[in-house]
Amino acid sequence: MKTESEGQNGSPKKGDEKRSSEKILLEPRAWVNLGYSIANSKEGTFFLKNAIPGEAVSAFPLKKSGSLFWGVASEIIKYSPERIVSDCSSFPKCGGCSYRHISYEKELEVKKFLLQETLERSFLKNHIQIPEIEILSRDPIGYRNTAQIQLGFAGSKRIAGFYEEFSHSIVPLPSYGCKNLPNEMNLAFLEFFQKEKTGSAPISKAKTLSYRLDGERVVPYKQETVVFRETIRIPKPKEIVWEIPRGGFSQINRFLVPLWLEKIYELVPEGQDSILELYCGSGLISIALHDKSKNWIGYELSNDSVKQAKKNLSTNGLSARDFKSLNLETESIPMEDLNSTFWIANPPRAGLSKKVVQSFQKNKPSGFLYSSCNHTTLARDLAELCGDSYWITNVVLLDFFPRTKHFEVIAKIEKRNTSSSFSKN
């Protein structure tokens, strides 16, 4: 499979940023990151949604930066045998999904290849070896436990849905709802609009509806706490419970959270004296891995999340851990906490802060597990962290976001001279 996942090999030139009304014939040649395929024409380089390498398509340029264009294939002139009929009437106009024109098996193949290529490009100068990429996935339908639906009007008509690709116009949800949401959540949205339509509830002034699935209940998670309950096998079945504070972060794939925790448990070595967890959220990882270490230090920006992490350990009948609030972008980790033998991080899409990278390079823990929802910043950070002192033992692609351009990646690195002391899971 050909790919050029970066998608931009040069700096954009200054030029006309207006949309063009002229349809252009294009032949995409490779998959690239962010759910696009890439094509070239006399006008410049195009990044296309709803196009498969090897096809001939026509598209209107919807966004431009110098000689770079973005668009959505509006007409398929030559079909790829890999193309399927989308199961969603809002695709490809809706900006939520990127891969509903190919099978889910093909999507996983594309994502794995893009991850491999991104890592190879980042590691080229360092000659870092990449292990075989493992893939973990589950049902791509109804997987989200959290969603934000945009609210608006088309004239006098009430609409709700997701933003259009390259636009802030709302694409209305199909009558059956969103394929990525569970039935309970789609029904909750339908009930909300029925109440508005019949007058049993006033027209909401909110611009978004933010819902989260709490068991069988659907709750407005920016206003209420949510309790999750899962059974994980580490290796024996163990039920864990954790509460997310109002507006707090949660992994959104309800089918893959147990597998994610089980894989982290498998990869973190036993018998650690101390584990340092960065971006610890509400303490979920520390609950699952409680028996891995005598001491656990967790840092998180939100005070509410830190309080919740302490409460969650208590709820599960586990001994207390040392959770603290710290801005990892601007503040340095205290020296006394940097001697932990193993580090874990689950940062936001921007990746590790410079201060975290510098602390790692200075203190050189024996091992590090990094869970990321952005493989490009993961690759960037790993290239800096590994240097000549570390090697990558495991890379796992967890498709937390089926049918979209995103996915989660777990990577584990170990010190080269201590690799024999760690299991090669």
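**A buried arginine and its surroundings**

Tutor: R100 is buried, with a relative accessible area of 2%. Buried here means under 20% relative accessible area, exposed means over 50%, and partly exposed lies in between (1.4 Å probe, protein chains only). This is a predicted model, in which local features need pLDDT of at least 70 and side-chain atom pairs count only at pLDDT 80 or more, while totals for chains, interfaces and linings use all residues. Residues are numbered from 1 along each chain as its sequence is written, and side-chain values use heavy atoms, with hydrogens and water left out.

The partner of R100 is D87: the two form a salt bridge whose closest N and O atoms are 2.9 Å apart. The pair links distant parts of the chain, with R100 and D87 13 residues apart and both in the loop between strand 6 (68-78) and helix 1 (104-123). A salt bridge is a side-chain nitrogen of Lys or Arg within 4 Å of a carboxyl oxygen of Asp or Glu; helices (H or I, at least four residues) and strands (E, at least two) are DSSP runs numbered from the N terminus. At a relative accessible area of 34%, D87 is partly exposed.

The structure holds 23 salt bridges. In helix 1, E107 and K111 are separated by about one helical turn because they are four residues apart. Their side chains meet in a salt bridge of 2.8 Å, N to O, and both E107 and K111 are buried. The closest N and O atoms of K263 and E266 are 3.1 Å apart. K263 is buried at 8% relative accessibility, whereas E266 is partly exposed at 34%.

We turn next to annotated positions. In the UniProt record, an unreviewed entry, the annotation "binding site" covers Q251, Y279, E300 and N346; positions are given in the numbering used here, feature names are shortened, and annotations may be inferred rather than shown by experiment. Y279 is in the loop between strand 15 (272-278) and helix 4 (284-288) and counts as buried at 13% relative accessibility. Leaving aside residues up to four places away in sequence, Y279 touches, among others, Y299, E300 and N346, where contact means heavy atoms within 4.5 Å. N346 lies in the loop between strand 18 (342-345) and helix 6 (354-363) and is buried, with a relative accessible area of 14%. With residues up to four places away again set aside, the contacts of N346 include Q251, W260 and Y279.

Helix 2 (183-198) and strand 9 (157-163) each supply at least two residues to the lining of the second largest pocket. A pocket is an open set of points on a 1 Å grid over the protein atoms alone, where a 1.4 Å probe fits, with protein on both sides within 12 Å along at least five of seven lines; lining residues have an atom within 4 Å of a point. Of its 20 lining residues, R158, A160, L173, L190 and F193 lie nearest the centre, and helix 2 gives the largest share of the lining, nine residues. Also in helix 2 is N183, which is exposed at 60% relative accessibility.
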